[in-house]
Structures are given as C-alpha cells and as structure tokens.
Amino acid sequence: MAPLVFMKEIRKVYPEGTVALRGASFELLEGEVHALLGENGAGKTTLMKILYGELRPTSGEIYFRGERVSFRSPQEAMRRGIAMVHQSFALVPTFTVLENLYLAISSVRKVSQGEVRSRAAELGKELGIEVPLNARVEQLPAGMRQRAEILKALLLEAKVIILDEPTSLLTPFEAEALIALIRRLRAKGVSFVYVTHKLREVKEVADRVTVLRKGLNVGTLQARETSEAEMAKLMVGAAVERAKRRPPREVGEVVLEVEGLVARDEMGVERLRGVSFSVRAGEIVGIAGVQGSGQRELAEAIAGLRRPERGSIRVRGVEIAGKPPREARRLGVLYVPELREEGLALEMNIVENSILARQRGHARGPLVDWGSAEERARGLVERFKVVFGSLWDRAAALSGGNQQRLMVGRELSSRGALLIAHEPTQGLDVTSAEMVREEILRLRDEGMAVLLISSDLDEVLELSDRVIVLFEGRSVGELRGEEASIEKVGRLMGGAA
Amino acid sequence: MVEAELWAFIAVSSVAYMTPILLVTIGEIIAERSGVVNIGVEGILLASAFAAVAAAFFSGSAALGVASGALAGALIGALFGLFAVYLRADQIIAGLAINLSSYGFTVLGLIALWGHHGASPRVEAELPYFSLGQGSVPLLSLLALLIAAVAWLLLFRTRAGLALRACGEEPSAAYAMGVNVRLYRMAAVVLGGALAGLGGSFLALELAGSFTRGMSAGMGFIALANVAFSGWNPLPAILGAYVFGFLSAAADALQQEVGYAYLLKTLPYLGTLAAAALLGRRSIRPPQRLGVPF
Ligand SMILES: Nc1ncnc2c1ncn2[C@@H]1O[C@H](COP(=O)(O)OP(=O)(O)O)[C@@H](O)[C@H]1O
Ligand SMILES: [Mg+2]
C-alpha cells in the first residue's frame with residue numbers, strides 16, 4: 001500500500017538565499033504518529049509548511065495517497081484533509097475563537113457560524129478540549145490558543161494533522177493531556193506528524209521517528225526500538241549532558257522584595273491576588289504553576305510593564321511598583337520576556353536588536369557608534385550560537401530558536417543585579433537550552449539574583465534553589481530546591497494544599 | 001436674517017453635500033479593513049468627476065455619466081491595487097502617484113476636450129431627486145446611505161466580511177486558514193475605487209454641474225480623517241460625513257447673507273477635522289496590519 005504522504009527529495013531555498021532543505025525525504029503512513037525530530041533550524045517547520053501548501057518547494061515531489069500533488073495554497077491542502085497547528089499560532093488575534101474557526105472551516109466547505117459553534121462545543125466536550133468560543137484570541141493563554149488550533153483541525157475533519165512543537169508552550173499536565181488526545185484521535189484513524197526537538201516526547205508519543213539534520217533526513221527509526229541517546233546522536237552528531245543543579249556559592253542580601261502584589265490582566269481579571277516573596281543575590285528562585293496563574297503579570301509588574309493594583313516591589317530597597325520600565329533598568333533589572341515580539345524589535349536588524357535598551361553604551365555624542373554596536377552583536381551571536389545570514393538582516397528573518405537565543409543572549413550578557421527570566425529556553429533545542437541554563441547558573445554564581453519563571457517543570461526543578469508555586473494568583477507553597485520533586489510541585493500546581 | 005426656515009433648508013441640503021465624502025469614506029473603510037490604505041482617493045474623486053462630466057457632456061445622459069465615473073474609479077483602484085497589492089509597492093507612495101497624476105491628466109483632458117484649462121462647460125443632464133420639506137434630496141444621496149448600511153452588513157455580518165477583515169488584522173493567519181489575501185485586498189481597493197468614483201460623479205454632476213480643475217479640493221483627505229473618526233465602521237461614518245455636509249451647506253447658504261466667502265469655505269474642513277480629532281473614539285484600534293504589504 002502506498003504511504004499516505006511521501007515527500008521526495010525536497011529542496012527549499014528562501015528568497016534571501018538561506019538553504020533550509022537540501023533534498024529531504026519524509027514518509028507518513030496511515031494511522032501512525034510520526035515524529036519529525038531535529039535541532040533548531042534543521043528545517044522541520046519549512047518541510048511541514050511545504051506539505052501544508054504554505055510554502056512551495058524549490059524542487060522535489062510530493063505524493064498524497066500515491067498521487068502526485070502540488071499544493072499552491074493551504075486551502076488546497078486543507079481540502080485533501082491536511083491541517084497544521086503552527087508553532088507560533090496562525091489565528092487572527094483580534095477575532096474571537098469562533099470567528100477564527102468559522103473562517104477556516106468555511107474556506108473549505110459551506111457551513112454556517114451556528115453549525116460551527118455547536119459542532120465545536122460538541123467536539124470540545126467529547127475530547128476534553130473545551131475552549132471559550134466567544135473570547136478574543138489575543139486574550140487567551142498559549143495553551144488555550146493551541147487547543148483552539150487543534151479544534152480547528154478536527155473540525156476540518158483532517159486526516160493528517162501536523163503539530164509543530166506542540167508542547168513548547170504547555171505545562172506538563174497540558175502536554176500529557178495533549179498526548180492522550182493524540183492517542184485517542186489516532187485510534188479514530190487520524191495520522192500525525194509530531195514536530196519536536198524534545199527526545200523524551202518522541203518515545204512517549206511516536207510510532208516512528210525521522211531525524212532531520214541541517215536540511216537532510218539522517219535516519220528513520222522505530223520509536224520503540226531506539227533510545228534517547230541514539231536519537232540525540234543522530235540529531236546533533238554528539239551526545240549531550242543535562243545541567244545538574246548545584247548549591248549556590250554564597251547567598252547575599254535581598255535584591256528583590258515583593259509584598260502583597262495584586263495585578264489585573266488586560267481584561268481586568270485579577271491575576272495576582274497578593275503574592276509576597278523575596279530573592280537574594282546569588283540565588284535562583286523558580287516560579288512554577290499552571291499557565292495563567294499570574295506568571296505573566298508578575299514578570300511584567302517587576303519589569304515595570306504593568307501597573308499593579310496594590311502591593312510593593314522593591315529592587316535593592318527602592319520602590320518601583322507602577323514606575324516606568326526605565327526605573328527597573330536603572331536599578332539593574334534584566335528581563336527576558338515570555339514573548340519574543342516583546343523582547344525584540346522584529347523589523348529591526350540583528351545589530352540594532354543587540355543594543356536595544358543599551359544604546360547609551362554605543363553612542364558617540366548623539367550618534368550611534370555602529371562599529372562598537374556591530375562588535376557587540378558579533379560577540380553575542382558567536383557566544384549564543386545564533387545562526388544568521390547577515391548581521392544586518394531583520395530579526396524577523398531568524399528562525400524562532402535563533403530569535404530566542406539572540407534575545408536571551410542580549411540580556412544574559414549584560415551587567416545587572418536581578419534577572420527575570422520568563423520561559424528562557426522556550427523553543428530551544430536540547431543543546432542550546434542547556435547552554436542557556438548553564439549561563440543562568442553562571443550568573444547566579446557571580447552573585448546575580450535570578451527569578452526564573454518557566455512552564456518547563458524539569459527546568460524549574462533543575463535550576464532553582466527555592467521553588468514558589470503559584471495557583472490562581474496566590475503563592476500556595478514554597479519549597480527548598482532539594483525537597484522539591486515533580487510529585488510535590490505538581491500537586492501544588494493543581495491547587496492541592 | 002437667519003431664520004428657522006433657512007436652517008431647515010440647510011439641514012436638508014446637507015444630505016446632498018455629504019454624499020461624496022460619505023461614498024469615499026465607505027470605500028476607504030472597505031479598503032483599509034482589508035489592510036490597504038489608499039490615500040489616492042483624492043485623485044480618484046477628481047479623475048472620476050472628470051470622467052463623469054465628459055461622458056455626460058457627450059452623451060447627454062446623466063446615468064451614463066455616473067456609470068463612467070464609477071467605472072473610472074474602479075479602474076484607477078485596480079491600477080493602484082496592481083502596484084500596492086500584487087507588486088507590494090509602498091501604499092502611500094502609490095496613492096500619492098495617483099493624486100498627482102490625476103490632477104495632471106484632468107487638466108490635460110480639459111484642454112483636449114474643450115480647449116480650456118480652467119473648467120468644462122455646464123452639463124445639462126440632471127440626476128433624479130425628490131423633494132423633502134424645504135429642500136430636495138438627490139436619489140443618489142439616499143443610495144449612499146443605503147450603501148453605508150449594506151457595507152456594514154457586508155463587513156460585520158458575512159463570511160466574506162470576516163475574511164476581508166482577517167486580511168487587515170493578520171494576513172498570514174488568514175492565508176493559513178485558506179483566505180486568498182491578495183485577491184481580497186484587490187477586490188477591496190477596486191470596490192473602494194468604484195465608490196469613490198461614484199462620489200466624484202455626484203460631486204461634478206449634482207453639486208457643481210461642471211468640472212473645474214482641482215475640484216475635489218481635499219475632500220478625499222477629509223474622508224480619510226472620517227475613516228479614523230468612524231472607527232473603521234460605515235455607520236458612524238455617516239455622522240462624520242454629515243458634519244462636513246452640514247457645514248458646507250451652511251457656508252454656501254450663509255455666504256450670500258454675510259459675505260466672507262473664502263473664510264466660510266474653510267469652515268467645513270476645519271469643523272470636520274476638529275470633530276474627528278475631538279470626538280474620535282480612542283479605544284478603537286485601526287486594523288493591525290494596515291499599510292503592510294502581504
Ligand atoms: N521565512 C524565512 N525566510 C528566510 N529564512 C527562513 C525563513 N524561515 C526559516 N528560515 C531559515 O530556514 C532554516 C530552517 O528553519 P526552520 O524550518 O524554521 O527550522 P526548524 O523548524 O527545524 O527550527 C533556518 O536556517 C531558518 O533561519
Ligand atoms: Mg520550527
């Protein structure tokens with residue numbers, strides 16, 4: 001029997017000249033979950049966008065159920081039953097969930113908004129992926145947006161669902177729920193391409209795995225018969241080691257002191273309901289919690305980007321609650337935001353982004369000293385292994401992982417007293433995530449106070465000297481690093497006392 | 001002096017004066033909702049006024065004049081769309097090009113057709129209207145109000161409107177969901193051009209009765225301000241256009257009474273801009289990807 005999908009020797013050269021795929025082949029069988037594994041920039045997203053008709057290959061052939069196809073738009077792929085859930089979601093942020101679902105489905109077949117509503121509610125209930133249909137997408141947390149996307153694919157009656165790094169924004173519980181959902185759908189005959197760089201997930205979810213390296217497939221394995229080590233070796237070409245938590249050298253005075261902090265989100269919902277804690281120089285305090293427990297509001301309030309309702313935030317003894325971000329910067333607060341588009345000016349080039357908010361250090365009178373700025377950028381991209389075409393390319397032209405490395409690198413290589421790292425390894429492959437973690441540990445050892453907010457529970461437990469668990473805007477537990485286990489923290493995250 | 005009767009007359013004739021602005025505004029709202037800003041509407045207004053007068057003059061038919069004006073608007077809209085949508089040119093520069101060349105071509109046209117560079121002869125072809133109280137309302141003005149309502153329905157109550165707005169909010173997401181973004185944007189600027197062309201026809205055939213050089217006189221730009229004032233919604237746009245229409249009608253009526261003709265003629269412009277600036281709802285956001293080529 002012919003495979004459901006067969007992509008043969010696909011090459012893709014982007015208009016700017018980046019060779020993303022150099023003759024990669026990929027095969028998907030009916031009813032299987034096929035993992036597509038590879039480092040950042042390996043070309044996974046590009047390959048799948050080609051299958052989805054969003055990009056056209058430079059050369060190569062695609063067969064669907066044995067028949068040669070060439071999709072000129074996502075619409076044509078959708079008609080054949082191929083759906084894609086993008087890494088950075090493809091939803092119109094100012095529309096409601098329902099409007100998005102309706103728009104997508106009605107472009108494939110005739111349907112009324114009412115029908116979409118009732119079918120979505122029905123499917124959502126059946127599969128346990130309920131999404132508030134009338135909420136505007138921009139007001140939903142990432143996990144919820146993803147569920148909306150999956151719901152969209154299911155409403156399209158997709159036979160093939162491509163999931164691009166689906167767990168990168170999910171909590172462990174949400175990720176488990178997703179994997180359970182995939183199993184249920186596979187039993188109903190849906191085939192999946194599961195794009196990821198996380199080895200653990202491959203063994204958990206996939207039947208087979210194809211490893212992509214630098215635009216070429218370097219092997220296809222039975223997931224059950226392979227090991228993480230074997231896959232890692234194929235993927236990177238060498239074995240990798242996980243960073244181990246190590247006790248802090250010396251804990252100094254209090255750098256950050258948060259007291260009774262109350263803050264609301266854009267919709268006016270109270271997200272932080274009286275949180276108090278402190279972070280000392282030379283220690284890492286990790287914040288764990290289900291997404292939407294107030295993490296974003298906490299980070300933004302400290303960075304000066306959100307005016308809290310009540311409470312105080314003191315950095316090195318100075319009250320900064322409600323003050324502009326300039327004040328926080330002046331006191332030495334470094335900030336890695338959750339969203340890349342907040343930490344980078346995507347339309348500006350790499351050099352400009354490297355000196356963002358640090359222009360003073362690269363000025364000659366009123367003029368920018370582009371020489372020293374370029375030098376800084378060059379140092380940054382080398383140290384943090386940012387893969388790029390030219391330093392004068394727009395940041396938007398970088399892949400997600402490279403944007404993340406650029407943004408994190410800029411903050412981690414600056415001088416400061418307090419680092420707020422919100423999802424610092426989001427979208428990064430194993431190797432670069434480890435590098436970032438190692439850098440965070442190094443900064444701590446040099447005496448920086450670190451507030452680590454992450455939905456990757458492993459990461460929080462690995463790095464933190466103390467763990468604070470947020471639940472519905474309140475701190476429901478504080479554990480020392482040694483005593484924090486997945487089980488204990490997980491139970492607190494679910495709201496158990 | 002100024003009496004209640006006069007004000008009633010002004011209030012009714014405002015409806016005629018507001019018509020070109022309203023039509024241009026609705027067309028521009030549709031274009032901008034799809035993500036394309038066309039400042040060339042000023043030029044379209046002028047060029048379509050010329051086309052309408054020329055057609056009506058030589059055929060003797062007002063209906064043919066109106067149709068030619070709308071068609072000219074649609075064609076210029078299509079030309080703009082070719083550059084701004086398909087060739088991804090800068091939208092402001094493409095619009096500017098239309099404004100400048102429309103002025104030049106209409107002056108050339110005046111000389112070529114009538115051997116005069118200031119104004120065309122009067123056109124006797126009359127548009128249908130019916131009387132209302134102290135004044136009369138052209139049929140086309142009522143049609144403009146109807147078009148506003150239909151445009152609102154189209155934008156906010158139909159699947160096509162949803163897709164069109166998605167193109168202006170997040171074109172890449174719209175594309176991934178199967179919307180032909182460029183086609184929608186093209187259709188929006190062509191429709192926008194046709195409506196502006198209808199406005200130009202009305203301006204020349206109904207309000208002026210002839211073509212004079214530069215007769216659009218910044219009305220297209222006032223319409224652009226009205227787009228923002230309306231919050232990109234055709235219904236509030238009626239209010240903005242009415243303010244302009246009312247002040248124009250008042251200026252016209254009063255200049256016979258009080259003089260200061262030139263000063264009075266600035267009143268509609270200043271008044272409308274002031275209203276747009278003061279009353280515009282700040283909570284309304286423009287389409288997120290307005291002006292960005294896809
Ligand atoms: N839109 C784009 N324009 C130019 N280059 C791109 C674009 N998207 C991705 N690339 C480049 O193509 C390569 C593969 O990227 P991608 O497919 O996103 O990799 P992955 O999904 O495996 O991380 C990278 O070098 C990236 O910089
Ligand atoms: Mg990717």
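**Contacts between chains and around the ligand**

Mentor: Across the interface of chain A and chain B, five residue pairs are in polar contact, both residues at pLDDT 80 or more. This is a predicted model, where local features need pLDDT of at least 70, side-chain atom pairs count only at pLDDT 80 or more, and totals for chains, interfaces and linings use all residues. Residues are numbered from 1 along each chain as its sequence is written, chains are lettered from A and ligands numbered from 1 in the order written, and side-chain values use heavy atoms, leaving out hydrogens and water.

Trainee: What makes a pair a polar contact?
Mentor: Two N or O atoms must lie within 3.5 Å; within protein, one must be able to donate a hydrogen and the other to accept it, and residues adjacent in sequence count only if both atoms are side-chain atoms.

Trainee: Which backbone N or O atom distance does K44(A) have to an oxygen atom of ligand 1?
Mentor: The distance is 2.9 Å, so the pair is a polar contact by the 3.5 Å limit. For A42(A), a backbone N or O atom lies 3.2 Å from an oxygen atom of ligand 1.

Trainee: And what about Y14(A)?
Mentor: One of its polar side-chain atoms lies 3.3 Å from a nitrogen atom of ligand 1.
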